[in-house]
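Me: I am new to this structure and would like to go through it step by step. Could you show it to me?

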Amino acid sequence: MLERKQVPPKLAAWIQKNEADIFLSVVSFVELQFGLDQAPLTHKARLAAWLADMRRKLAPSTEELTEPVLVRWKELLADLKARNRTMTCEDSLIAATALFHGHIIATHNKRHFEPSGAEVVDPLA
(Lines give C-alpha, C1' and ligand atoms only; values in the text may rest on other atoms or scores of the structure.)
Protein backbone atom coordinates (compact mmCIF):
# COMPACT_ATOMS: atom_id res chain seq x y z
CA MET A 1 0.00 0.00 0.00
CA LEU A 2 2.77 2.45 0.79
CA GLU A 3 5.27 3.86 -1.70
CA ARG A 4 8.44 3.12 0.23
CA LYS A 5 11.22 0.68 -0.33
CA GLN A 6 11.12 -0.37 3.31
CA VAL A 7 7.90 0.03 5.23
CA PRO A 8 8.55 -0.19 8.97
CA PRO A 9 7.25 -3.60 10.13
CA LYS A 10 5.19 -1.99 12.90
CA LEU A 11 3.42 0.23 10.35
CA ALA A 12 2.83 -2.64 7.92
CA ALA A 13 1.29 -4.71 10.74
CA TRP A 14 -0.90 -1.78 11.84
CA ILE A 15 -2.15 -1.23 8.28
CA GLN A 16 -2.88 -4.91 7.80
CA LYS A 17 -4.81 -5.06 11.09
CA ASN A 18 -6.81 -1.88 10.41
CA GLU A 19 -7.08 -1.80 6.61
CA ALA A 20 -10.85 -2.35 6.55
CA ASP A 21 -11.35 0.72 8.77
CA ILE A 22 -8.89 3.10 7.11
CA PHE A 23 -10.27 6.23 5.49
CA LEU A 24 -8.28 8.88 3.66
CA SER A 25 -9.12 12.55 3.28
CA VAL A 26 -9.13 13.89 -0.25
CA VAL A 27 -6.76 16.51 1.21
CA SER A 28 -4.11 13.80 1.54
CA PHE A 29 -4.39 13.08 -2.18
CA VAL A 30 -4.06 16.81 -2.91
CA GLU A 31 -0.84 16.90 -0.87
CA LEU A 32 0.48 13.82 -2.69
CA GLN A 33 -0.41 15.39 -6.06
CA PHE A 34 1.40 18.59 -5.10
CA GLY A 35 4.47 16.55 -4.13
CA LEU A 36 4.30 14.71 -7.43
CA ASP A 37 4.07 18.01 -9.32
CA GLN A 38 7.25 19.19 -7.54
CA ALA A 39 9.14 15.90 -8.04
CA PRO A 40 12.11 15.63 -10.38
CA LEU A 41 11.18 14.62 -13.92
CA THR A 42 13.05 11.33 -13.44
CA HIS A 43 10.58 10.28 -10.71
CA LYS A 44 7.30 11.67 -12.07
CA ALA A 45 6.16 8.75 -14.21
CA ARG A 46 6.66 6.17 -11.45
CA LEU A 47 5.07 8.39 -8.80
CA ALA A 48 2.16 9.29 -11.08
CA ALA A 49 1.46 5.60 -11.71
CA TRP A 50 1.64 4.86 -7.97
CA LEU A 51 -0.67 7.76 -7.13
CA ALA A 52 -3.19 6.76 -9.80
CA ASP A 53 -3.17 3.22 -8.42
CA MET A 54 -3.70 4.49 -4.85
CA ARG A 55 -6.57 6.74 -5.96
CA ARG A 56 -8.22 3.78 -7.66
CA LYS A 57 -7.68 1.38 -4.75
CA LEU A 58 -8.72 3.86 -2.08
CA ALA A 59 -11.61 5.53 -3.92
CA PRO A 60 -14.26 3.75 -1.81
CA SER A 61 -12.57 4.88 1.40
CA THR A 62 -11.75 8.47 0.41
CA GLU A 63 -13.64 11.16 2.33
CA GLU A 64 -14.50 14.21 0.23
CA LEU A 65 -14.76 17.82 1.38
CA THR A 66 -18.53 18.08 1.43
CA GLU A 67 -20.47 21.10 2.64
CA PRO A 68 -21.16 19.53 6.08
CA VAL A 69 -17.45 18.71 6.47
CA LEU A 70 -16.55 22.29 5.59
CA VAL A 71 -19.08 23.61 8.12
CA ARG A 72 -17.37 21.39 10.73
CA TRP A 73 -14.05 22.84 9.56
CA LYS A 74 -15.29 26.40 10.14
CA GLU A 75 -16.47 25.37 13.62
CA LEU A 76 -13.03 23.90 14.31
CA LEU A 77 -11.33 27.10 13.16
CA ALA A 78 -13.58 29.17 15.45
CA ASP A 79 -12.78 26.86 18.38
CA LEU A 80 -9.05 27.07 17.68
CA LYS A 81 -9.24 30.87 17.49
CA ALA A 82 -11.12 31.03 20.81
CA ARG A 83 -8.33 28.99 22.40
CA ASN A 84 -5.59 31.01 20.66
CA ARG A 85 -4.42 27.89 18.82
CA THR A 86 -3.63 27.34 15.16
CA MET A 87 -3.31 24.49 12.69
CA THR A 88 -2.23 24.46 9.07
CA CYS A 89 -5.05 24.63 6.57
CA GLU A 90 -4.43 21.08 5.35
CA ASP A 91 -4.23 19.59 8.84
CA SER A 92 -7.36 21.43 9.99
CA LEU A 93 -9.29 20.15 6.95
CA ILE A 94 -8.16 16.57 7.66
CA ALA A 95 -9.07 16.99 11.34
CA ALA A 96 -12.50 18.42 10.50
CA THR A 97 -13.14 15.49 8.16
CA ALA A 98 -12.22 13.05 10.93
CA LEU A 99 -14.31 14.91 13.51
CA PHE A 100 -17.36 15.03 11.22
CA HIS A 101 -17.20 11.33 10.32
CA GLY A 102 -16.07 10.10 13.74
CA HIS A 103 -12.74 8.80 12.45
CA ILE A 104 -9.49 8.48 14.35
CA ILE A 105 -6.49 10.20 12.78
CA ALA A 106 -3.51 7.89 12.30
CA THR A 107 -0.29 9.83 11.93
CA HIS A 108 3.28 9.92 13.12
CA ASN A 109 2.81 13.70 13.59
CA LYS A 110 0.32 13.57 16.46
CA ARG A 111 1.17 17.06 17.69
CA HIS A 112 -0.07 18.55 14.40
CA PHE A 113 -3.58 17.27 15.06
CA GLU A 114 -3.90 17.38 18.85
CA PRO A 115 -5.22 20.99 18.93
CA SER A 116 -8.27 19.81 16.98
CA GLY A 117 -9.57 17.56 19.75
CA ALA A 118 -9.85 14.66 17.31
CA GLU A 119 -8.65 11.28 18.51
CA VAL A 120 -5.13 10.67 17.22
CA VAL A 121 -3.00 7.51 17.17
CA ASP A 122 0.56 6.97 16.05
CA PRO A 123 0.83 3.60 14.27
CA LEU A 124 4.60 3.66 14.86
CA ALA A 125 4.41 4.22 18.62
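This is a predicted model: local features need pLDDT of at least 70, side-chain atom pairs count only at pLDDT 80 or more; totals for chains, interfaces and linings use all residues.

Me: Which secondary structure elements does the chain come to?
Reply: The chain has six helices and four strands.

Me: What pattern do they follow along the sequence?
Reply: Read along the sequence, the order is α-β-α-α-β-α-α-β-α-β.

Me: And what does the C-alpha trace span?
Reply: Along the principal axes of the chain, the C-alpha trace spans about 45 × 30 × 25 Å.

Me: Let us turn to the helices. At what angle do H2 and H3 pack?
Reply: H2 and helix H3, which covers residues 41-58, pack at an angle of about 165 degrees, and their axes are 10 Å apart. An angle over 145 degrees counts as roughly antiparallel, so H2 and H3 are roughly antiparallel to each other. The crossing of H2 past H3 is left-handed.

Me: Which residues make that contact between H2 and H3?
Reply: From H2, the contact involves Phe29, Leu32, Gln33, Leu36 and Asp37. From H3, the residues are Lys44, Leu47, Ala48, Trp50, Leu51, Met54, Arg55 and Leu58. By class, the contact of H2 with H3 comprises nine nonpolar, one polar and three charged residues.

Me: What about H2 and H5: how are they arranged?
Reply: Helix H2 (residues 26-38) and helix H5 (residues 89-101) pack at about 150 degrees, with axes 9 Å apart. H2 and H5 are therefore roughly antiparallel to each other. Val27, Ser28 and Glu31 of H2 make the contact with Glu90, Leu93 and Ile94 of H5. By class, three residues in the contact of H2 with H5 are nonpolar, one is polar and two are charged.

Me: How does H4 pack with H5?
Reply: Helix H4 (residues 67-82) and H5 pack at an angle of about 115 degrees, with their axes 8 Å apart. H4 passes H5 in a right-handed crossing.

Me: Which residues meet there, in H4 and in H5?
Reply: In H4 they are Pro68, Val69, Leu70, Arg72, Trp73, Leu76 and Leu77. They meet Cys89, Ser92, Leu93, Ala95, Ala96, Thr97, Leu99, Phe100 and His101 in H5. By class, the contact of H4 with H5 has 12 nonpolar, three polar and one charged residues.

Me: A change of topic: how many aromatic pairs does the structure hold?
Reply: The number of aromatic pairs is zero.

Me: Then which residue lies over the face of Trp73?
Reply: That residue is Lys74, at 5.8 Å from the ring centre of Trp73.

Technical notes. Residues are numbered from 1 along each chain as its sequence is written. Side-chain values use heavy atoms; hydrogens and water are left out. Axes are lines fitted to C-alpha atoms, for helices over the stretch in contact, and angles run from 0 to 180 degrees between N-to-C directions. Helices (H or I, at least four residues) and strands (E, at least two) are DSSP runs, numbered from the N terminus. Angles under 35 degrees count as roughly parallel, over 145 as roughly antiparallel, 65 to 115 as roughly perpendicular and the rest as oblique. Contact means heavy atoms within 4.5 Å. Ala, Val, Leu, Ile, Met, Phe, Trp, Tyr, Cys and Pro count as nonpolar, Asp, Glu, Lys and Arg as charged, and the others, Gly among them, as polar. A crossing is left-handed if the near helix is turned anticlockwise from the far one by less than a right angle, and right-handed if clockwise. Rings of Phe, Tyr and Trp (its six-membered ring) pair if their centres lie within 6.5 Å; planes under 30 degrees apart count as stacked, over 60 as edge-to-face and the rest as tilted. A charge sits over a ring if NZ of Lys or CZ of Arg is within 6 Å of the ring centre and within 35 degrees of the ring normal.
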